[in-house]
There are 2 protein chains.
Amino acid sequence: MLAIRNIAELLVVPPGPVQGSSMRTLERICDAALLVDGERIAWFGSESSLVTPPECECLDAGRGCVLPGLIDCHTHAVFASTREGEFVQRLEGKSYAEIAEAGGGIRNSVEAVRASTCQQLVDHTLPRLERMLRGGVTTVEIKSGYGLSVEAELKMLQAVKELKALQPLELVGTYLAAHTTPREFADRPDAYLDTVLDDTVLARIRDEGLAEFCDVFCERTAFDIEQSRRVMSAAARFGMAPKLHADQIRQMGATRLAGEVGAISADHLETVDEGGIAALKAAGTVAVLLPGCSFFLGVGQAPARRIIDADLPVAVATDYNPGSSMVESLPLVMSIACTQMKMTPAEVVVAATANAAAALGRQDRLGAIEVGMQADLLVLDVPSHERWLYEVGRNCVRTVLKAGKVVGNAQI
Amino acid sequence: MLAIRNIAELLVVPPGPVQGSSMRTLERICDAALLVDGERIAWFGSESSLVTPPECECLDAGRGCVLPGLIDCHTHAVFASTREGEFVQRLEGKSYAEIAEAGGGIRNSVEAVRASTCQQLVDHTLPRLERMLRGGVTTVEIKSGYGLSVEAELKMLQAVKELKALQPLELVGTYLAAHTTPREFADRPDAYLDTVLDDTVLARIRDEGLAEFCDVFCERTAFDIEQSRRVMSAAARFGMAPKLHADQIRQMGATRLAGEVGAISADHLETVDEGGIAALKAAGTVAVLLPGCSFFLGVGQAPARRIIDADLPVAVATDYNPGSSMVESLPLVMSIACTQMKMTPAEVVVAATANAAAALGRQDRLGAIEVGMQADLLVLDVPSHERWLYEVGRNCVRTVLKAGKVVGNAQI
């Protein structure tokens with residue numbers, strides 16, 4: 001047993017999905033303590049009522065805040081090359097289309113991934129995951145989508161699988177072969193989909209445990225509604241639950257499709273309308289917002305307040321990727337959600353814990369402070385979660401526990 | 001002598017003030033080396049032409065980028081209490097005026113500073129400066145302005161003076177008694193100014209070396225044009241060069257006043273118009289932009305592109321303070337300048353080095369890579385300055401040199 005004592009604020013995040021005003025009215029226990037038994041939370045309450053079991057280790061929270069470990073439920077963290085050149089070109093006024101025509105964009109990342117071995121992808125990604133852990137992240141979803149061939153897509157997913165054994169973060173693989181159409185299939189998106197949706201490929205992903213989810217970029221520049229429906233339907237037959245990149249740049253009904261197929265999450269939503277919100281609501285789909293992406297691109301944010309007011313469960317993730325969101329710190333993205341989308345700190349914590357767990361189908365085990373939940377926990381060096389997100393960009397995480405074990409102590 | 005070798009990119013920032021297109025067309029030396037003799041830069045060039053002097057120490061830059069140490073030329077880093085409660089209230093929809101009426105705003109910070117000893121202010125500030133150093137900052141301006149009485153304002157400046165001896169950053173004190181009118185002088189701003197502009201007070205600041213600059217918050221909610229002129233004129237008689245908080249919330253001619261009095265800098269400029277820009281241009285005033293403040297408040301940014309295109313020297317600083325810019329990382333604020341104000345990485349580096357030095361009257365000694373300049377230098381763990389600001393929120397600083405000495409090695 002492990003007793004965490006001397007907690008100034010224990011933020012009692014309930015299991016996801018959490019909706020509407022429940023996101024901002026969390027119970028906080030002041031002067032709290034928490035007991036961990038093995039991998040799970042065994043008890044929590046006010047410190048004065050703590051009965052310390054015999055042979056119990058003690059972790060002094062030092063008057064810090066304790067809350068669930070963060071879950072980054074939308075990333076492209078496996079990539080082989082950075083794209084700072086495009087970043088500068090955009091700031092100099094070049095359009096995304098001009099950059100793509102000059103060989104930039106997703107295809108830039110594709111060339112680098114194809115030229116890399118699986119081991120090289122692992123080596124590139126490992127330090128990123130180590131930094132994420134120090135920032136308080138305990139679970140990360142990682143998408144393929146920079147391979148765009150059967151071989152390179154499976155190589156990316158294999159890298160995610162190998163990374164699971166090399167570090168303490170829980171990793172979740174998502175198959176995003178439908179990220180865009182590769183150059184060699186230009187103007188033949190359906191022929192490309194034929195290759196990556198082949199039954200033998202999908203069966204291999206299932207049999208080797210390479211991906212739990214299938215994602216598709218439903219956008220004018222990527223795949224249309226019919227193609228997206230086809231991707232999700234094919235993957236579902238092999239046990240991969242559907243996710244969508246929806247309504248990022250242009251409204252084309254992607255959120256309605258997400259609702260229609262009962263997607264576990266619809267991600268981006270910068271241009272979502274009332275009809276799309278209603279479709280997601282009816283289907284119980286989690287709305288995953290990516291404020292770091294809009295920040296990085298310098299464009300408008302998703303209408304977080306409208307989506308929360310419509311009683312949808314909202315999650316927040318980094319969208320960490322080298323093209324449109326080179327922001328690997330989920331706490332920084334959470335502060336961006338506060339300042340740029342006007343979410344309250346409580347809402348943002350729920351969005352990056354309980355609701356992010358729901359976006360990954362893990363709400364029964366992760367993302368909440370409840371007896372029996374897995375003890376993925378953060379001890380902050382500040383007395384409240386509000387203080388944490390208010391101190392923009394400073395790493396306030398003192399200690400990280402994954403499944404009851406201390407796996408990270410920050411050196412700030 | 002110290003030789004820094006194995007530099008992938010040496011960014012040759014020229015001495016400030018740097019204007020217009022010169023801000024984005026910096027010389028870069030690839031495969032470079034640099035020699036430090038005592039406190040100063042003695043030589044730099046391509047590594048192949050390096051002649052290593054006898055008894056020369058060597059610092060391996062590890063294929064990183066080397067550039068001048070950062071200068072944060074506008075901060076309120078001495079404060080005694082955080083204000084996360086107001087941060088949450090604003091996100092919940094309360095206006096700044098409502099918060100101020102309920103005892104919030106600057107006056108919240110004033111009560112905490114007045115209740116603190118000088119030693120307590122030193123203790124609060126020291127870890128902030130240590131974190132700034134690890135992020136690559138080598139010189140910091142710090143304003144008073146949370147005392148709002150002769151005694152408490154001098155206490156703040158005394159804390160800055162004592163901090164100089166306790167850590168390696170060069171600190172620059174600025175007298176900002178004219179931050180707002182304290183409660184006890186409500187509706188009598190001129191009577192308040194009588195006290196803080198008293199000759200004996202100003203003489204003491206001069207004689208004890210407590211402040212090099214005098215600043216005034218020229219705004220509807222603070223001091224008007226006439227009062228601001230009076231403040232700057234009184235301080236100038238005691239050797240304090242004028243700075244202004246100008247055109248932040250409402251246009252009231254503050255930039256014209258800055259031009260008229262030849263202020264060394266005009267800071268904020270979110271609402272500056274063409275007339276204001278012309279006035280600053282004519283006076284040679286540095287335009288100090290504070291993108292972290294607009295980001296933190298979730299409001300519009302200063303028109304950086306228009307100001308640069310008008311050939312003004314632009315500096316960028318954090319405005320680090322507990323009310324409107326709780327962002328202590330200058331590199332993060334520099335990335336915000338890229339993504340939210342569309343400044344290029346080169347422009348932003350000039351703005352936080354050469355032009356920030358000019359905003360503090362130190363352009364002859366600090367902020368540039370030039371033989372004879374003080375060796376305040378950063379070694380990054382990335383091969384270019386563009387990569388640095390593109391990696392939003394990650395500390396890429398490997399080594400910090402202040403006046404030729406290694407004073408910080410980051411633990412990332």
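Biologist: How many salt bridges are there between chain A and chain B?

Modeller: This is a predicted model, where local features need pLDDT of at least 70, side-chain atom pairs count only at pLDDT 80 or more, and totals for chains, interfaces and linings use all residues. Residues are numbered from 1 along each chain as its sequence is written, chains are lettered from A and ligands numbered from 1 in the order in which they are written, and side-chain values use heavy atoms, leaving out hydrogens and water. A salt bridge needs a side-chain nitrogen of Lys or Arg within 4 Å of a carboxyl oxygen of Asp or Glu. Between chain A and chain B, the count is zero.

Biologist: Thanks! Which surface do the copies meet through?

Modeller: Counting contact as heavy atoms within 4.5 Å, 37 residues of chain A touch 37 residues of chain B. Of the interface residues of chain A, 100% are also interface residues in chain B, so the copies meet through the same surface.

Biologist: How much area do chain A and chain B bury between them?

Modeller: Buried area is the accessible area (1.4 Å probe) that two parts lose on being put together, summed over both. Carbon and sulfur atoms hold 66% of it here. The total for chain A and chain B is about 3,500 Å².

Biologist: And is L269(B) buried or exposed?

Modeller: Buried means under 20% relative accessible area, exposed over 50%, and partly exposed in between (1.4 Å probe, protein chains only). L269(B) has a relative accessible area of 0%, so L269(B) is buried.
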